[in-house]
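Open the model in your viewer and keep the selection tool at hand. We will go stop by stop.

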Amino acid sequence: MSKADPARWGFSTRTIHSDRLGAIEHGAIHKPLHTSVQYGFTHVEQLIQVFQGAPGFNYARQSTPTVAALEAIINVMESGLGTLCFATGMSAITAIFTTLLQAGDHVIASRFVFGNTSSILGTLQGLGIQVSVVDATSAEAVEAALTPQTRMVFVETIANPRTQIADLEGIGALCRDKGLVYVVDNTVTSPWAFQPKCVGASLVVNSLTKSIGGHGNALGGSITDTGLFDWSGYPNIFPAYRKGDAKTWGLAQLKRKGLRDMGAALSSEAAHHLAVGAETLALRMQAASANAQALAEMLAAHPKVRTVYYPGLPQHPQYARAKALFRSPGWLLALELKDDADCLPFIDRLSLPIIATGLGDTRTLIIPVAHTIFWEIGPQARAESGIADSLIRLSVGIEDRQDILDDFLQALGK
């Protein structure tokens, strides 16, 4: 392995072999599972150095060797300066907001975000942080919301569930010009289909539970610092973390405040599952995306379907943007039937999709949106986000394609 040139490897090769570029105990193919909470030292000076920022492990709330191996894999995927892993994707997002923003600051967020992200944005307002939600498919809408207190812009690549695609390049240019932290949630696209660094993202979020882990057997989240943001000019970095290379200040604060202080630690067991799942990311994304494309085309042509929301369809409002930026349109699609009342019975007529709330699994998952994941925000917020009461969300899996198509055809035919 030492003679190889990783820079010349493709995505899957880099992912599969990234943890073996360094020494692994006893020549193990997978990073061994380190379940210890505490880590001891031969000399007290070594412990002090780790406490003061030197590489190493002292307490599992901040990291373990197994978690660090996963962080290295995600960092390679996102071409990052450094990556931190968290217990869930939501804990990663919450860490960004609560450790890098202070009362009186202003954050601009896409109106089209995951329901729980919308909920935490509401919580921020109760803490004295101003929040503006805008139609992020237009960089002009983001620019119009700017104030002197604006510190951060937060968007998703492909919005869950209506698949709106933010003006990722335009917003990136705006954030670069204004010196704003640009946070991009890459969960629905995944690092295989898109690297937000290419549009100027400062921080990239991934819910590792979804595509990267891919098997619905472990929760996890990550934050990758792309190295593009100048933290030396950011006013909210605490004095304790203004040491050494300024490029590392953001991650240092996120690690101490988001992991050490808030306790959103990823377990070694979960990290091991996620690292193994990550090895087949490209294969699973290719299969799931091809299945989703075929299903979207079939549904769009069916007389009982009113609308299909999928970036791979030419009628999608941001089809050209998806084509230009993403390796594939992904596995997420949503639909509305012409008969609104048939939404719930239709789901029950399907036999293959699992009625469940997850995303990015090997299995096809289905859920009625307004009745479940967007129920809490209320009808007005749903209407503002374009969430119809009859909207059905699908996370298309890697089953045999014809089996998926046949099942939907029979459910529509009854």
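Select cysteine 175. This residue is buried, with a relative accessible area of 2%. Bear in mind that the model is predicted. Now look for a partner for the sulfur of cysteine 175. The closest cysteine sulfur belongs to cysteine 198, 14 Å away. That is too far for a bond, because a disulfide needs two cysteine sulfur atoms within 2.5 Å. How many disulfides does the structure hold? It holds zero.

Next, select cysteine 85. Is this cysteine buried or exposed? Cysteine 85 is buried, and its relative accessible area is 2%.

Move on to helix H7, residues 168-178. E4, H7 and E5 together form a β-α-β unit, and the unit is right-handed.

Which strands pair with E4? Start with E5, residues 181-185. Five bridges link E4 and E5, and the pairing is parallel. For one of the contacts, select glutamate 156. Its bridge partner in E5 is aspartate 185.

Then bring in E2, residues 106-110. E2 also runs parallel to E4, joined by four bridges. Pick histidine 106 to see a facing pair. Opposite histidine 106 stands threonine 150 in E4.

Definitions and conventions. Residues numbered from 1 in each chain as written. Predicted model: local features only at pLDDT ≥ 70, side-chain atom pairs only at ≥ 80, totals over all residues. Heavy atoms only, no water. Pairing = 2+ DSSP bridges. Helix = DSSP H or I, 4+ residues; strand = E, 2+ residues; numbered from the N terminus. Right-handed = clockwise from strand over helix to strand, strands pointing away. Buried < 20%, exposed > 50% of the residue type's maximum accessible area, 1.4 Å probe, protein only.
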